Amino acid sequence: MNTNQPEHLFDLSYLNQIFQGNQAMINNIIGLFLEQVPEYIQEMQDCVDRQDLLSLHPLAHKAKSSIAMLGLKNMEKNILHIEHDSKHNTNLEGLPQLVGDVQSECE
C-alpha cells in the first residue's frame with residue numbers, strides 16, 4: 001500500500017462535465033449537498049435509534065443522487081446497500097453499521 005498517495009473521497013469530474021467547468025453551478029450543487037444530505041443522514045440515524053430500519057430506504061433514495069453527483073463512491077455504495085436492504089427487508093442487522101459509516105464519512 002502506497003501511503004504517499006492522498007485518498008480522494010470525492011470526484012467532481014461529473015459536475016465539471018455537466019456544468020462545463022461553471023464553478024458557480026458546481027458550488028451551488030455542493031452547497032445543496034451540504035445543506036440536505038446531513039439532514040437525511042441524521043434522519044436515517046434517528047430511524048436506527050428507533051429501530052425502524054424499514055423506513056431507511058426513502059431517505060437513502062433521496063440522498064443517493066447528491067452523493068453520486070459528488071463522486072463519493074464509498075458513501076454511494078453504502079447508501080445503495082441501505083436503500084436496497086431496507087426496501088427488501090434483508091440484511092437488517094448490518095444497516096446500523098452502514099448508517100454509522102455513512103454518517104462518519106459525511107462528517
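Analyst: A nonpolar core is a set of buried Ala, Val, Leu, Ile, Met, Phe, Trp, Tyr and Cys residues joined through side-chain atoms within 4.5 Å. Buried means under 20% relative accessible area, exposed means over 50%, and partly exposed lies in between (1.4 Å probe, protein chains only). The structure here is a predicted model, where local features need pLDDT of at least 70, side-chain atom pairs count only at pLDDT 80 or more, and totals for chains, interfaces and linings use all residues. Residues are numbered from 1 along each chain as its sequence is written, and side-chain values use heavy atoms, with hydrogens and water left out.

User: How many helices and strands does the chain have?

Analyst: Helices (H or I, at least four residues) and strands (E, at least two) are DSSP runs, numbered from the N terminus. In this chain there are five helices and zero strands, giving the pattern α-α-α-α-α along the sequence. Along the principal axes, the C-alpha atoms fill a box of roughly 40 × 35 × 20 Å.

User: Which residues of the largest nonpolar core touch the most other members?

Analyst: The largest nonpolar core holds 25 residues, and those touching the most other members are Met44, Leu56, Ile67, Ile79 and Ile82. Two or more residues come from each of α2, α3, α4 and α5 (95-106). Helix α2 gives the largest share, nine residues.

User: What is Ile82 in contact with, leaving aside its neighbours within four places in sequence?

Analyst: Contact means heavy atoms within 4.5 Å. On that basis Ile82 is in contact with Met44, Leu56, Ala60, Leu95, Leu98, Val99 and Val102, once neighbours within four places are set aside. Among these partners, Met44 and Leu56 are also listed with Ile82 as touching the most other core members. Over the chain, 56% of the contacts with a separation of 6 or more join residues 24 or more positions apart.

User: Is Leu59 buried or exposed?

Analyst: Leu59 is buried, because its relative accessible area is 7%. Leu59 sits in helix α3 and, not counting residues up to four places away in sequence, touches Tyr40, Glu43, Met44 and Cys47. The C-alpha atoms of Leu59 and Glu83 are separated by 7.9 Å, although the two residues are 24 apart along the chain.

User: How many salt bridges does a search of the whole structure find?

Analyst: A salt bridge is a side-chain nitrogen of Lys or Arg within 4 Å of a carboxyl oxygen of Asp or Glu. The search finds two. One joins Glu83 to Lys64, with the closest N and O atoms 2.9 Å apart. Glu83 lies in helix α4 (residues 73-88) and Lys64 in helix α3 (residues 56-69), so the pair ties together parts 19 residues apart in sequence. Glu83 counts as buried at 13% relative accessibility, whereas Lys64 counts as partly exposed at 25%.

User: What is the distance between the closest N and O atoms of Asp52 and Arg50?

Analyst: In the salt bridge of Asp52 with Arg50, those atoms are 3.5 Å apart. Asp52 is partly exposed, with a relative accessible area of 26%. Arg50 is exposed, at 52% relative accessibility.

User: How far apart are the mean positions of the positive and negative charges of the chain?

Analyst: Lys and Arg count as positive and Asp and Glu as negative, with His and the chain ends not counted. Each charge is placed at NZ of Lys, CZ of Arg, CG of Asp or CD of Glu. Here the mean positions of the 6 positive and 15 negative charges are 7 Å apart.

User: Where is Gln20 found?

Analyst: Gln20 is in the loop between α1 (13-18) and α2. Its phi is near 50°, a positive value in a residue other than glycine. Gln20 is exposed, at 74% relative accessibility. Asn91, in the loop between α4 and α5, also has a positive phi, near 50°. Asn91 is partly exposed, with a relative accessible area of 47%.
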